Amino acid sequence: MRRRRFLIGGLIVFLAAGYLGYIAFQRATIFYYTVSELLVQADSIHGQNVRVNGEVTPDSVEREAAGRILRFTIIDGEESLPVVYHGIVPDTFKAGSDVTIEGYLDSAGTFQAHTLMPKCPSRYVPSN
Amino acid sequence: MADIGYITLFLALVASIYSAIAFIFGAKGKHPTLTGSARNSLLAVCGLVSISVAVLVYALVTHDFQIEYVAAYTSRDTSLPYLLSALWAGNNGSLLFWGWLLSVFAAVVVLQKRDRNRELVPYASSIVMVTEAFFLILLLSASNPFHKLLPVPADGMGLNPLLENPGMILHPPILLAGYVGFAIPFAFAVAALLTRRLGDEWIIAVRRWALLAWLLLGVGNIIGAWWAYVELGWGGYWAWDPIENAGLMPWLVATAFLHSTMMQRRTGMLKVWNMVLVILTFSLVIFGTFLTRSGILSSVHTYAESALGPFLLAFFSIIIFGSLGLLYSRTKELKGDVEMKSLISREGAILLNNLLLVGAALAIFIGTVFPVISEAVRGVKVSIGAPFFNQVSGSIFLAIILLTGLCTLIGWRRASIKNLIGNFLWPLVAALVLGIGLFILGIKEWYALVAFSLCGFVLCTILYEWFRETRARHRMRAENYLKAFWGLIWANKPRYGGYIVHIAIILIAVGVIGSSVYDVEKEAALKPGESMAIKGYTLTYKGMDRYQTQSKLVVTATLSVYNEGKLIGELVPEKYFHRSYQQAVTEVAIRTTLLEDLYVILVGWDEDGTTAFKVLVNPLVNWIWIGGGVLVLGGLIAFGPGQDRYEYENKW
């Protein structure tokens, strides 16, 4: 009898927790695309918060407004995407390196990024 | 030189394999000479790997750039502390460090337990030697730290400037030591399963090892967070990065383990659960090692992708499925004969605490590996953002904090409601007063009020308990209060160490709540002479300066800080540009007080002198680091010998 009470109580807690977790999970799931995949879907995901991965094209990096606005393009071999980033540029960001950006594609086809996550092999392996 | 390093590792591999086999045969067939030789072999492994480490350290210090690892992580102008810490800066070196720590811990165990646990030690040592052999195989094949370069470069690459920080000297070795430390409790658990000695023996044997590993892992995580805060310069200290999670998950499960083993020793319950927990902890350690070194999840922490992934994944599978399988085969013998009488008791609270901790670890695990699973199953890559982790773990941790308070004043077995009310009255009143006080002071957000009041409640329950026990001892022994309190701690080190650790967790919680809910940030572009205001502070930009040092160009911007008109100091954020590294390094300037941090980042500058800053105010963030210190204190006290007599039985 007591066993069953424990089990039922535990099950309720578990289900409640699972449900809360599920909701949080859904809200926090962010789709992750390469540049080509993003451009293929361009029309259907305008304004949606997504992550995109690509390589920063060398010579495409421009800084404006005393470093607070960063413009660059990322490519993944074939397609390229212009990006505007507002925020602090991480020290590990570099032209030619791999980067993941998070933000949304605006109606003009420019990606407005609010988060920059450079993948930096040079953090543990120095640049050559 | 490098060859000596490599050959000693090879010899160590041979010795560790021999040791693993000889321990089993010696213990099973009761051949003490075989066991003795296995023991000597284990000690030899420790000696050999130590020689290998010494070789690498020597090569680092003498700039032996023929060794690729030395050339990759140091240069001629790297200072001595960073030459030494380069040992763990890169993948191969840190793996060697792993293997070295494991061999040292194994040696300490056999020497420490010469006359104790005679049946468990051979099997446990064998398990440790198998693990050691595995890491040695990795070191000899895919992760050779002694790989040579031809031609020999004139100078090395130098250490990535982001790693040149005291936190970076301490964080990896402490964290790795915590990781490796869990191999010992795991080995003893498996030994207990193998020898069918399924009572408390293995738990008592590893109490201090589990505590040590837990403490090191916890402190390692906190130092990592502190380093991220002061060095990475984004104003935060935890990003739910997969590798951060890899360090947190085993720590949560280990916390559950520390509590539930205490419960098994007092009540005989949870025998199977304790086995599961320790297997889970060590499996998460190996899994974390896999995540960090396989490159499978993108993270700011990952070492460059290496071939280690499949090896580590295979080892992880063997560990977890092998031990759980072994456990399953022994479940009948493990059933405890004591049943839990009531959920409203300390047993119930500890069980709930365990479920919450493991639940949190599970949620974090799912969030961390989901991207990989999603890609494998659906072909769609997703990331799980911070909000998921924050919401789920935030709620679970608050519940755990509440439990911490309840646990202190609930008795073992069954607690009567009258008893409960009596114990909780004063702390509850104090918590309510605190909540009302905070509301009056201006804190209106309900979650912050609840969270802070909860912290206050728990703090009061602990202090109240201290007061009551001190008073009882004072009456019994006619000591004055101070002497009684000191005597209490001295006679009950594990318990009072635990209380202090709980207080540390509260301090950390207060710091996290304050800095997460009430942080303020503002950006401004200023010309010299202009000011910006944030939360009662006024910062006036005075000007920019540049100077060269031996290795870098430093650009500084000076800001005068005023609080309500009065000059309270200057902050000088910097950026510098290393000669050998292409990337800039941003050094933030922080004004630290107990109440809050004023945190300034130099973002950039224009030709015309306009300089952009990002300024943050992080309330209560230093309580996190203070809490970390208190954690160390509590942990160290808890190492002391415990009492065998269970005084609780006399009380309730």
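Let's start with a pair of strands: in chain B, strand β5 (residues 552-563) is joined to strand β7 by 5 bridges, and the two run antiparallel. Before I go on, this is a predicted model, in which local features need pLDDT of at least 70 and side-chain atom pairs count only at pLDDT 80 or more, while totals for chains, interfaces and linings use all residues. Residues are numbered from 1 along each chain as its sequence is written, chains are lettered from A and ligands numbered from 1 in the order in which they are written, and side-chain values use heavy atoms, with hydrogens and water left out.

Helices (H or I, at least four residues) and strands (E, at least two) are DSSP runs, numbered from the N terminus. Two strands count as paired if DSSP finds at least two bridges between them.

Back to β7(B). Which residue of β7(B) is the bridge partner of B:V555? That is B:K575. B:K575 also stands opposite B:T586 in β8(B). Strand β8 (residues 584-587) of chain B is joined to β7(B) by 4 bridges, again antiparallel.

Is β7(B) enclosed or open? In strand β7 (residues 574-578) of chain B, 4 of the 5 residues are buried, so the strand is largely enclosed by the rest of the structure. Buried here means under 20% relative accessible area, with exposed over 50% and partly exposed in between, using a 1.4 Å probe and protein chains only.

Chain B also has an open sheet of 4 strands, in the order β2-β11-β10-β9, with antiparallel pairing. At its edges stand β2 (520-526) and β9 (589-592), each with a single partner strand, so one side of each has no neighbour in the sheet. On average, neighbouring strands of this sheet are turned by 15° against each other, direction ignored. Within it, strand β10 (residues 596-605) and strand β11 (residues 611-619) of chain B pair in the antiparallel sense over 9 bridges. Look for B:G604, which stands opposite B:A612 in β11(B).

Now some helices. Helix α10 (residues 242-267) and helix α14 (residues 346-378) of chain B pack at an angle of about 160°, with their axes 9 Å apart. Axes are lines fitted to C-alpha atoms, for helices over the stretch in contact, and angles run from 0 to 180 degrees between N-to-C directions. The two helices are therefore roughly antiparallel to each other. For the cut-offs, under 35 degrees is roughly parallel, over 145 roughly antiparallel, 65 to 115 roughly perpendicular, and the rest oblique.

Two residues deserve a visit. B:P173 sits in helix α7 (residues 166-181) of chain B, and at 14% relative accessibility it counts as buried. Leaving aside neighbours within four places in sequence, B:P173 is in contact (heavy atoms within 4.5 Å) with B:W88, B:F97 and B:L101. B:R473 is found in helix α17 (residues 446-477) of chain B, and B:R473 counts as buried at 12% relative accessibility. With the neighbours within four places again left aside, the contacts of B:R473 include B:A478, B:G487 and B:A491.

Finally, chain A. How many helices and strands are there in chain A? There are 2 helices and 7 strands, following the pattern α-β-α-β-β-β-β-β-β along the sequence. Buried residues make up 45% of the 128 residues in chain A.
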